[in-house]
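Reader: I'd like a close look at one spot in this model, down to the side-chain level. Pick it apart for me, please.
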Amino acid sequence: MKQLWYGGKIYSMEKEQETVEAVLVEQGKIIAVGKLEDLQSHADELHHLQGATMYPGFVDSHLHILFQGEKLVRLDLSQARTAEEMLDLVREAAKNTPADQWLFGEGWNENNFPDKKIPTISELDEIRKAPILLTRICHHVMLGNTAALKNGGITEETVSPPGGEIGRDAQGKLNGLLYDKATNLVTESIPREGQSYIDSLVELLNFAIDDMLSKGLTGAHSEDMSYFGHFTNPLTAYNRVVGEKHHFRVHLLRHNAVFEEMMKANVEFDGPFIELGAMKIFADGALGGSTAALLQPYADQPNNKGLLIQTDEEVENLVKLARQYNEAIAVHIIGDAGAEQIISAIEKYPAPTGKRDRLIHCCVLNEELIERMSKLPVVLDLQPAFVPSDFPWVINRLGEERLKNAYSWKKLLDRGFMCAAGTDAPIEDIDPLLSIYAAVERKKVGENHDGYLPSEKLTRFEAIKMYTYGSAQAICKEHERGLIKEGYDADFSIFDRDLFDGTSEDMLKAKAVKTVVAGKIVFERKTVN
């Protein structure tokens, strides 16, 4: 069965403003592009775009799909603008949370509070005696009440684990805050096993993927393997959801904690929609929680350089382990000290032939690090939405001097780096159009200024290409995905307006009308009469 797509503007994304008139598809692949009159006679099935605009499939290059599903069903704290507002939301949620269940909340950000005050453990204890666990927007900091901390075995005498910190107040008492690896003490104590638990993961995946398809996303690169009990739990859920119910391309990174076990298990999948990828490593934390590792102290915290999650030796051993299995690494690096640690390791142990290491976030760099990176087979996995989220508070945190090589997407592209775009959802909004807006305008929607570090603005073509061709480069599939071209996968994101027309604000009004994966329409927006 040959399908013909035509009747609207179709961007190949191979060259700026390059369009084709019609696309012929067979068995999930593009077999020809060209003029309608030349291709129409070969088609068995016609798909008229009705004036809509078609692009190669948009792929979020970095997120956590199951956590995104949790975000859709848990208490949303992202809109709280004071500590008291945050507590009010928790109080209201507590009224409807059974006493034998945990109360989970997502997305609080004290940088949005005028006084930067974070609720205390005693304030949470006043709301309920059963566990409360609230995850900061960066997912590198959690706030729990006494019951949550006790569940993780944390007492006043507990020592902070390597790569993490248990928060304390000025008197040395627990304040409810847990940083990076200290969060594991609590999260790993929550029961995560059994068929009902896997069923709950299936539900979360369905919520998240349905939402992504509705926004024009045809795939995502996700990291979920070490947070939901044994890795077979999320894998079982993915097998039940992707392929059976959803045509959606999932590329799964494997956290270093489970990487070797998964390799030895020789995990395989039926069908073309789930792929296993690189070993995921966290080098450091996040700027919001002041745990990103910096070479020089934070400008607003002269005694703090953040946290390296592993020692240099531990990082080298992880890289060597990945190479032992002929695999690349994908590394979370926010600060320049985290970047320096990882770059040093991969200079010693380069990626296997035909593969690329992925450097994720790359928020704070310096000229020396950029030069060293340029000599390595790496792809940069960037999150444009971090700019409107982190500015203006990050200016005081980093200081003016470090901003010269911070959030420098344009500089990195111009230096010839392969760059992909993602959201790190649930950290940022999953909507790709908001990320593209952030890359182009470098400010929050509705703000009236020229953008933060405006010299780093991207064109819309550059930003969209990061979502299409760039995401394919991240997994070495740029020869079969990311363009509308003969021989490529028939994955299409179709919007009701041309994303290149009008203002950036006009672009945000666009809606995905169809999402197509391997030639199959997997989302179609219902029209309202």
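Which residue has its backbone oxygen 3.0 Å from a polar atom of the side chain of Arg442?

Author: That's Tyr407. Quick caveats: this is a predicted model, where local features need pLDDT of at least 70, side-chain atom pairs count only at pLDDT 80 or more, and totals for chains, interfaces and linings use all residues. Numbering starts from 1 along each chain as its sequence is written, and side-chain values use heavy atoms, leaving out hydrogens and water.

Arg442 sits in the loop between helix H16 (432-441) and helix H17 (460-467); helices here are DSSP runs of H or I with at least four residues, numbered from the N terminus. Tyr452 also has its backbone oxygen by the Arg442 side chain, 2.7 Å from a polar atom. For scale, a polar contact is a pair of N or O atoms within 3.5 Å, one able to donate a hydrogen and the other to accept it within protein; residues adjacent in sequence count only if both atoms are side-chain atoms.

Now the charge: Arg442 is buried yet has no salt bridge, and Glu456, the nearest side chain of opposite charge, is 5.4 Å away. Buried means under 20% relative accessible area (1.4 Å probe, protein chains only). A salt bridge needs a Lys or Arg side-chain nitrogen within 4 Å of an Asp or Glu carboxyl oxygen; Lys and Arg count as positive, Asp and Glu as negative, with His and chain ends not counted.

Neighbours within four places in sequence aside, Arg442 is in contact (heavy atoms within 4.5 Å) with residues including Val387, Trp409, Tyr437, His449, Leu453 and Lys457. Tyr407, Tyr452 and Glu456 are among its contacts too.

Elsewhere, Arg323 is one of the buried residues of H10, and Pro119 counts as buried because its relative accessibility is 2%.

Definitions and conventions:
Buried means under 20% relative accessible area, exposed over 50%, partly exposed in between (1.4 Å probe, protein chains only). Helices (H or I, at least four residues) and strands (E, at least two) are DSSP runs, numbered from the N terminus.
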